[in-house]
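I opened the file today and kept notes as I went. The entries follow the order in which I looked things up.

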There are 2 protein chains.
Amino acid sequence: MSLKPSIPKGTRDYHPEIVLKRNYITDIIRKVFISYGYLEIKTPSFEKIKTLSGKYGNEGDRLIFNILNSGEKVKKANINSLKNNNIPEFVSSISEKALRYDLTVPLARYVSQYQNEIKFPFKRFQIQNVWRADRPQKGRYQEFTQCDADVIGSNSLYLEFEMIQMYSAVFKRLGLKKVEIKINHREILASISRKIELSDNFLDFVIILDKLSKIGIDKVINELKKKLGLKDKYQSILNDIFKIKSSQETLTLIKDELIDDKSSDLAYRELKELYDLLCINSDDIINFSFDLNLARGLDYYTGAIFEVINVSNQDYIGSVGGGGRYKNLTERFNSKNLPGIGISFGLERIFHLIDDNDLFPDHIKTTNDVLVINFGKEYIHKILPILNKIRSDRNVSIYPDPVKLSKQFTYADKNKFNYVIIFGQEEMKKEIFKIKNLKSGKECINSIKSHAKDFKF
Amino acid sequence: MSLKPSIPKGTRDYHPEIVLKRNYITDIIRKVFISYGYLEIKTPSFEKIKTLSGKYGNEGDRLIFNILNSGEKVKKANINSLKNNNIPEFVSSISEKALRYDLTVPLARYVSQYQNEIKFPFKRFQIQNVWRADRPQKGRYQEFTQCDADVIGSNSLYLEFEMIQMYSAVFKRLGLKKVEIKINHREILASISRKIELSDNFLDFVIILDKLSKIGIDKVINELKKKLGLKDKYQSILNDIFKIKSSQETLTLIKDELIDDKSSDLAYRELKELYDLLCINSDDIINFSFDLNLARGLDYYTGAIFEVINVSNQDYIGSVGGGGRYKNLTERFNSKNLPGIGISFGLERIFHLIDDNDLFPDHIKTTNDVLVINFGKEYIHKILPILNKIRSDRNVSIYPDPVKLSKQFTYADKNKFNYVIIFGQEEMKKEIFKIKNLKSGKECINSIKSHAKDFKF
């Protein structure tokens with residue numbers, strides 16, 4: 001009985017053209033990371049459950065893919081816990097490891113594990129797949145690629161600038177002109193929360209604030225009133241703070257209105273210095289804005305926060321990158337205080353942005369280049385030694401069977417070859433071979449005795 | 001409470017130098033595959049269990065990593081099957097997908113699924129991780145990388161030659177001179193089994209034969225007698241057949257003694273033609289031998305079989321590649337007859353072979369190149385615009401904090417930087433910066449107004 005072939009929901013096959021396009025993006029990201037001195041590491045696809053659990057909140061824990069213990073070990077399944085509806089206990093009786101959910105927890109585990117060998121500050125990047133048991137839907141997959149760079153072991157503000165430089169370098173090289181880097185700081189948001197007497201509910205406050213770009217300030221204020229009891233008198237203050245303004249105006253507002261303690265004072269001075277650095281180096285930097293309504297990742301980030309958005313079509317594609325500074329990467333694993341800063345690129349969304357805007361270079365659509373038309377064994381055998389010469393700088397494929405020419409030319413066409421090599425009876429007699437450009441139709445005649453460098457295309 | 005960080009048994013972290021070395025190998029393999037016209041695909045890390053099960057034999061099925069169904073779905077666990085000790089049934093009640101075990105079954109699934117869109121012959125390669133629940137031990141991991149190239153939809157003998165060409169190109173570029181390609185053919189082994197009246201036990205025969213290089217001919221013959229009832233009279237025939245001989249002598253033996261039907265006649269003619277092709281193109285081909293005692297993968301291969309071994313130290317490192325021809329890749333999925341041929345590179349063993357022989361090029365040991373010594377914010381800010389010019393062809397990292405110089409130089413040393421850039425008070429005054437070669441100690445003085453191309457290293 002035959003089996004209808006298919007893949008699990010939420011997964012994808014990458015066909016050749018897609019692989020090339022994805023490699024094109026990750027190669028640029030990798031090169032930029034390397035050019036700024038980041039070193040690539042890879043961690044295992046699975047980690048111990050105790051490494052992962054409790055790191056991502058209840059929602060995240062639910063989305064972790066557990067790997068079933070193999071062989072006889074599943075016999076240890078705790079049936080009572082299943083009967084008592086204690087699913088976590090049941091799962092832990094039959095599973096000890098789980099698939100990587102992100103690249104941050106593995107980094108924390110890695111840095112803790114090798115802290116005595118690592119020379120800090122440690123600049124590392126990682127481009128690997130992660131897995132999440134999200135409900136599959138259009139554009140959301142259970143397996144996808146993350147591209148992260150982090151520096152562990154330094155509080156230098158220069159690194160905030162470096163992160164923005166790297167974002168700029170990548171998006172410039174990709175030709176994406178309509179992206180913008182938003183910058184904010186946790187301590188400024190904290191100051192705002194104090195100003196409106198919501199500092200006791202800081203995380204709830206920023207979760208509501210994060211919706212601002214989608215639902216607008218009025219609805220945010222209503223929600224703050226309803227859910228957190230925001231007092232009416234603060235309404236106009238919030239309206240002023242979150243009115244759209246330039247980076248310069250935002251900095252002035254912070255300076256004049258939002259410095260109320262040492263931390264917010266320091267945060268202001270950091271943002272101001274970062275702003276000056278960005279302005280001085282503006283040739284290398286893409287559009288940026290200091291934006292008080294950026295309120296992402298605050299369960300994790302303790303200083304500067306970044307988000308890169310597509311401004312031409314924001315609702316459609318959303319964020320293409322994000323990052324920020326954190327005080328202690330490894331607190332779950334040990335007591336050594338290791339501050340850090342990191343950014344991430346959203347490969348899937350960047351892919352679609354480039355694809356939709358037709359910004360992939362033509363040459364990456366296939367690696368197929370030269371196809372040798374097969375006129376029969378004797379011709380192929382004779383031309384073989386020449387082909388390896390051509391291969392030193394071009395890709396050469398031989399059509400393996402001497403079938404009808406029309407079929408071979410159709411194959412060349414459908415597989416987007418640029419050239420065919422023709423070496424049949426007539427050519428063998430004359431000791432030549434022809435290289436035909438399939439787009440222009442132009443034919444170049446070459447002697448089979450020529451040196452590789454003299455071949456005419 | 002702090003958690004001692006560690007990874008699951010059988011997995012590995014790849015530190016920066018290891019990542020570079022592995023990329024060095026896979027980049028060469030990838031380039032060779034592409035230069036011969038193979039297209040890269042990627043398939044999901046997990047497949048449906050029904051795609052994988054029954055494809056790898058009982059032993060293989062046992063080594064597949066199952067992924068636990070997520071969320072509420074585990075409640076459907078079939079407790080009765082567990083009580084009845086029916087583990088496969090229990091597992092299938094809580095798991096629908098499993099991690100990729102190899103790249104061959106996903107290829108078969110892929111080709112079947114997209115057979116109407118693919119233009120055959122389909123030349124694809126795939127470099128991805130696979131997972132096996134093997135008992136972890138030295139040099140054997142539960143996660144490792146496979147590198148496969150296959151052609152689907154052609155019976156051309158030229159492809160046997162192409163596979164050997166690609167093996168040769170890869171091992172030549174890697175500088176591995178002491179590897180040898182062994183070549184044999186299923187139909188010749190079948191003929192031998194007929195000659196000694198063991199054709200009814202063909203697969204058992206080749207499993208025993210496969211041990212020949214380890215245990216020697218005498219023990220193989222003893223085992224054939226004991227387990228398969230080999231008759232005494234065939235002992236001398238086997239001794240003759242498996243005596244060490246040259247490829248030419250092997251071909252003569254086949255021609256004179258082992259052609260007994262149409263299939264073995266065809267097999268002989270194929271091997272002879274392949275031999276001639278290899279001799280004519282010997283400049284591009286590494287050492288090869290036609291070797292009747294190569295008896296690998298015969299549950300799968302139906303024609304030519306290949307194995308690449310390390311001849312200098314065979315016992316220690318074993319096979320570094322293998323492949324062969326098969327009649328029907330996709331028979332599990334549909335009735336369309338799709339013959340093929342494929343090879344695989346053993347990345348882990350190739351890695352160790354190169355490492356043990358110190359054949360990794362020096363320049364791939366780190367991507368660290370230039371470190372900017374940090375004399376304080378004002379100096380860093382001033383030199384920043386220059387650094388991006390240097391970054392166009394070198395990797396430049398800034399030490400993020402203005403700590404003691406000795407600490408920064410130690411960091412440069414331990415992290416294998418080639419150069420440091422020195423730009424402190426004195427240099428700022430003179431409007432110069434120094435580039436110091438850390439190996440030779442040589443210092444080059446550059447004007448901060450120079451063009452990038454004029455920088456002296």
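**Entry 1: cis prolines**

I began at Pro121(B), which sits in the loop between H6 and E5 of chain B. The model is a predicted one, so I read every value here as computed. I checked omega for the bond from Phe120(B) to Pro121(B): the peptide is cis, with omega near -5°. Then I looked up the other chain. The bond from Phe120(A) to Pro121(A) is cis, also with omega near -5°. Pro121(A) is placed in the loop between helix H6 (104-113) and E5 of chain A.

Next I asked how many residues of H6(B) are buried. I counted nine of the ten in helix H6 (residues 104-113) of chain B, so I noted the helix as mostly covered. The buried ones include Pro106(B), Leu107(B), Arg109(B) and Tyr110(B). I then looked for what the buried residues of H6(B) pack against. I found strand E2 (46-48), helix H2 (49-52), strand E5 (122-131) and strand E6 (143-152), which belong to chain B.

**Entry 2: how the copies relate**

**Entry 3: the interface**

I listed the contact residues. Chain B gives 83 residues and chain A gives 83 residues. On the side of chain B that touches chain A, helix H16 (residues 377-390) of chain B supplies the largest share, five residues. I sorted that side of chain B by type and got 38 nonpolar, 27 polar and 18 charged residues. I also compared the two sides. Of the interface residues of chain B, 100% are interface residues in chain A too, so the copies meet through the same surface.

**Entry 4: the core**

I searched for nonpolar cores. The largest has 236 residues, and Met166(A) and Met166(B) have the most contacts inside it.

**Entry 5: sheet in chain A**

I traced an open sheet of eight strands in chain A, with mixed pairing. I wrote its order as E1-E5-E6-E11-E10-E9-E7-E8. Strand E1 (39-40) and strand E8 (288-290) of chain A are the edge strands, and each pairs on one side only. E1(A) runs parallel to strand E5 (residues 122-131) of chain A, and two bridges join them. Glu40(A) has Phe125(A) in E5(A) as its bridge partner. I also noted a helix over this sheet's strands: helix H8 (residues 186-195) of chain A lies across strand E7 (179-185) and strand E9 (304-310) of chain A. H8(A) runs at about 60° to E7(A).

**Entry 6: sheet in chain B**

In chain B I traced an open sheet of five strands, in the order E13-E12-E14-E15-E16, with mixed pairing. Strand E13 (396-398) and strand E16 (443-447) of chain B each have a single partner strand, so one side of each is left without a neighbour in the sheet. I averaged the twist from one strand to the next and got 25°. Strand E15 (residues 432-437) of chain B pairs with E16(B) in the antiparallel sense over five bridges. Phe433(B) has Asn446(B) in E16(B) as its bridge partner.

**Entry 7: single residues**

I checked Ile94(A), which lies in helix H5 (residues 87-94) of chain A. Is Ile94(A) buried or exposed? I counted 26 other C-beta atoms within 10 Å, so I marked Ile94(A) as buried. Beyond four places in sequence, Ile94(A) touches Leu68(A), Asn69(A), Val74(A), Lys76(A) and Ala77(A).

Then I looked at positive phi. Asn85(A) is not glycine, yet its phi is near 65°. Asn85(A) lies in the loop between helix H4 (79-83) and H5 of chain A. With 10 other C-beta atoms within 10 Å, Asn85(A) is exposed. Lys416(B) has a positive phi as well, near 60°. I placed Lys416(B) in the loop between helix H17 (405-414) and strand E14 (419-422) of chain B. Lys416(B) has 14 C-beta neighbours inside 10 Å, so I marked Lys416(B) as partly exposed.

Methods. Residues are numbered from 1 along each chain as its sequence is written. Chains are lettered from A and ligands numbered from 1 in the order in which they are written. This is a predicted model: local features need pLDDT of at least 70, side-chain atom pairs count only at pLDDT 80 or more; totals for chains, interfaces and linings use all residues. Two residues are in contact if their C-beta atoms, placed from the backbone, lie within 7 Å. A nonpolar core is a set of buried Ala, Val, Leu, Ile, Met, Phe, Trp, Tyr and Cys residues joined through C-beta atoms within 7 Å. A residue is buried if 20 or more other C-beta atoms lie within 10 Å of its own, exposed if 12 or fewer, and partly exposed in between; C-beta atoms are placed from the backbone. Two strands pair if DSSP finds at least two bridges between them. Helices (H or I, at least four residues) and strands (E, at least two) are DSSP runs, numbered from the N terminus. Axes are lines fitted to C-alpha atoms, for helices over the stretch in contact, and angles run from 0 to 180 degrees between N-to-C directions. Ala, Val, Leu, Ile, Met, Phe, Trp, Tyr, Cys and Pro count as nonpolar, Asp, Glu, Lys and Arg as charged, and the others, Gly among them, as polar.
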